[in-house]
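Let's take a friendly walk through one protein structure, a few side chains at a time. Have the 3D view ready and turn it as you read.

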Amino acid sequence: MADRQEGHGGEQRRRTRQFEAFVAGAAGRLLHAATLLTAETRTRNPHAQALLTASLAHTYAQWDRMRGEDPYDRTRADLAARFARAAWRHHRGRGGVLAALTPQERLVVVLRLHEGVAEEQTAALLGLPEERVRAVCARSVSALRAGTGRIAS
């Protein structure tokens, strides 16, 4: 029985090391995406940090069941879903670059332009037709260009 417990402990340590390595490599980019979604600033982003922490906790809980699945994609999808569910409560931006956009527009812009998720995947993730994703993205970029002049062509 002691051998079995020791084996389980070793497996748990391996799992934890793998997850920690994933977080070390991906957390910065995921936090940036979360900060864009919540329309907070890079220096003050408590909602983005909470959103990312919850998504990473979910990824860790699912770690052993992800057989061959990319943990970054899984975490990003969970981050987007959590943001979408909470967006109705936190509709207004908090001063970030994308604060002028609605939550749906921020979600589409971050997934499509920041994360590079294909239009088809974005549509499937959000439960929208591809044409809607395309229209929201185009309208959002136009609004950002008109409002700030900071988005390059």
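## A glutamate in a loop

The side chain of Glu40 reaches out to the backbone nitrogen of Ala48, at 2.8 Å. Keep in mind as you look that this is a predicted model. Glu40 also has a partner in Thr38: their two side chains make a polar contact of 2.9 Å.

Where does Glu40 lie? You will find Glu40 in the loop between helix H1 (2-38) and helix H2 (46-62). Is Glu40 buried or exposed? Its relative accessibility is 5%, and the cut-off for buried is under 20%, so Glu40 counts as buried.

## Rings that meet

Now turn to the aromatic side chains. There are four aromatic pairs in the count. One of them is formed by Phe19 and Phe22, a tilted pair with 6.1 Å from centre to centre and 50° between the planes. Both residues belong to helix H1, and because they are three residues apart there, about one helical turn separates them. Phe19 and Phe22 are both buried.

Phe19 has another ring partner, Trp63: the ring centres are 5.5 Å apart and the planes stand at 90°, so this pair is edge-to-face. Which parts of the chain does the pair tie together? Phe19 is in helix H1, while Trp63 is in the loop between H2 and H3, so the pair joins parts that lie 44 residues apart in sequence. Phe19 has a relative accessibility of 12% and counts as buried. Trp63 is buried as well, with a relative accessible area of 13%.

## A cluster and a charge

Which residues do the ring pairs link into a cluster? They are Phe19, Phe22, Tyr60 and Trp63. Look at Tyr60 in particular: Arg15 lies over the face of its ring, at 4.2 Å from the ring centre.

## An arginine in helix H3

For the last stop, find Arg76, which is placed in helix H3 (residues 71-86). Is Arg76 buried or exposed? With a relative accessible area of 14%, Arg76 is buried.

What is Arg76 in contact with, once neighbours within four places in sequence are set aside? Its contacts are Leu30, Leu111, Glu115 and Val117.

Note on methods. Residues numbered from 1 in each chain as written. Predicted model: local features only at pLDDT ≥ 70, side-chain atom pairs only at ≥ 80, totals over all residues. Heavy atoms only, no water. Helix = DSSP H or I, 4+ residues; strand = E, 2+ residues; numbered from the N terminus. Buried < 20%, exposed > 50% of the residue type's maximum accessible area, 1.4 Å probe, protein only. Polar contact = N/O pair within 3.5 Å; in protein donor to acceptor, adjacent residues only side chain to side chain. Contact = heavy atoms within 4.5 Å. Phe/Tyr/Trp six-rings, centres within 6.5 Å; stacked < 30°, edge-to-face > 60°. Lys NZ or Arg CZ within 6 Å of the ring centre and 35° of its normal.
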